[in-house]
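The entries follow the order in which I looked things up.

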Amino acid sequence: MDVRQLEYFLAVVDHGGFNRAATALYLSQPSLSQAIRALERDLGSDLFDRVGRRVVLTDAGTALIEPARAAVRGLELARASVESVHGLRTGRVRIAAMPSQALAPLTGMISRFHRAHPGVSVTVRAAFTARDVIEMVRTGVTELGLLASPDPVPDTEVRTHPLPEQRFVLLAPPDGPFAPGTTAVDRKDLAGHRLIVGQQGTGMRRYVDDLIAEGVAVTLAVETEHRVAILPLVLAGAGLAVVTDAWREPALRTGVRVLDLEPRTTLRVTLVARHGTTTPAARAFLRTALPEDADTAVEPPS
C-alpha cells in the first residue's frame with residue numbers, strides 16, 4: 001500500500017465513482033480500477049461494492065476514509081514544509097465555501113493571496129450549508145472553509161476566525177414591485193409576494209422560514225440549489241429573493257434592484273481551519289485573508 005493508492009481511493013469517494021475520479025486524475029478508468037484492486041488486496045478487504053455501474057462504500061471503505069485523508073495530508077504537509085524553506089513559491093490551498101460567501105468575501109481573499117503568492121494555486125470546493133463546510137474541513141477534504149450561519153460556530157470541531165457579518169437584502173426586478181426610489185423594505189411588506197429560496201440548511205432559507213413562522217404570508221415560488229440561477233430568475237419575474245449583501249454588486253451590475261430588509265438581520269461569516277498542523281500555504285492564506293488586527297495564529301510551523 002502506498003500514498004498514491006490512497007489518493008486514488010479518496011478520488012473515487014470524493015467524485016462519486018470511478019469514471020469521474022479517473023477524469024479528475026487524468027488516468028484511464030482501467031488503470032484506476034487496477035490500482036484500487038491492488039489496494040483492496042493489500043488490505044484484504046473490498047472497499048467498494050459494485051452495483052451495476054455504481055459503486056458503494058463497504059464498511060471497510062468507510063473506515064478507511066479518515067486514515068487515508070490523514071496519510072495524504074501528512075505527505076502533502078511534509079512536501080510543502082520542505083518547499084517553503086526557500087519561500088512560498090508553489091503549493092495549493094483547498095477551501096470549502098458556501099455559494100454566497102464564494103462571491104464575497106472569498107473573491108477578495110483570493111485576490112489578495114495571489115498578489116502575495118502568485119505561484120500558489122487555490123481550489124474552491126462547493127458546500128451548500130455551514131454543516132457541509134465544517135465536515136469538509138474536519139475530515140480533511142479541505143484545509144480551510146468559509147461559511148455563514150445565524151449562530152456562532154463552536155471551535156470544538158474546527159478552528160474559527162470570525163469575519164464581518166453580512167446583512168440580508170432583497171433582490172427585486174427593475175420594474176417593481178416596489179416604488180422607484182425605495183431603498184429599504186420592512187420584512188412584513190413581503191406578504192403576498194412570491195419568493196425564490198434556497199434549500200433547507202441555508203441562511204437565506206432560514207430567514208424565509210422564520211418569516212412564515214411569524215405569520216407573513218409569502219409564496220415559495222422556486223426552491224433552488226443553483227445560486228447562479230437566482231439573478232436570472234429575479235430578472236425573469238419568477239419572484240423576489242432574500243440573499244446576503246454579498247450579492248449586492250453582481251446584482252446591481254445585471255440591473256436587479258437591491259433593497260435593504262428591515263429590521264436589520266445578519267449572518268455571522270466565519271473562516272475556519274482544521275485543528276492541528278496546516279500547510280504553509282494554508283497559513284499564508286489565513287494571514288492575507290484575515291483583518292490585520294485579527295488573531296491569525298493557527299499553529300507554530302513544524
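**Aromatic rings**

I found that Phe9, Phe18 and Phe48 form one aromatic cluster; rings of Phe, Tyr and Trp (its six-membered ring) pair if their centres lie within 6.5 Å, with planes under 30 degrees apart counted as stacked, over 60 as edge-to-face and the rest as tilted. The model is predicted, so I note that local features need pLDDT of at least 70 and side-chain atom pairs pLDDT 80 or more, while totals for chains, interfaces and linings use all residues. Residues are numbered from 1 along each chain as its sequence is written, and side-chain values use heavy atoms, with hydrogens and water left out.

My search of the whole structure gave 4 aromatic pairs. Phe113 and Phe285 make a tilted pair, 5.1 Å centre to centre with 55° between the planes. Phe113 belongs to helix α6 (residues 106–116) and Phe285 to helix α11 (residues 280–289), so this pair ties together parts 172 residues apart in sequence; helices (H or I, at least four residues) and strands (E, at least two) are DSSP runs, numbered from the N terminus. I logged both Phe113 and Phe285 as buried, meaning under 20% relative accessible area (1.4 Å probe, protein chains only), with exposed over 50% and partly exposed in between.

**Thr224**

I located Thr224 in the loop between β9 (219–223) and α9 (230–235). Thr224 counts as buried because its relative accessibility is 11%. Leaving aside neighbours within four places in sequence, I list Ile196, Val197, Gly198, Gln199 and Ile230 in contact with Thr224 (heavy atoms within 4.5 Å).
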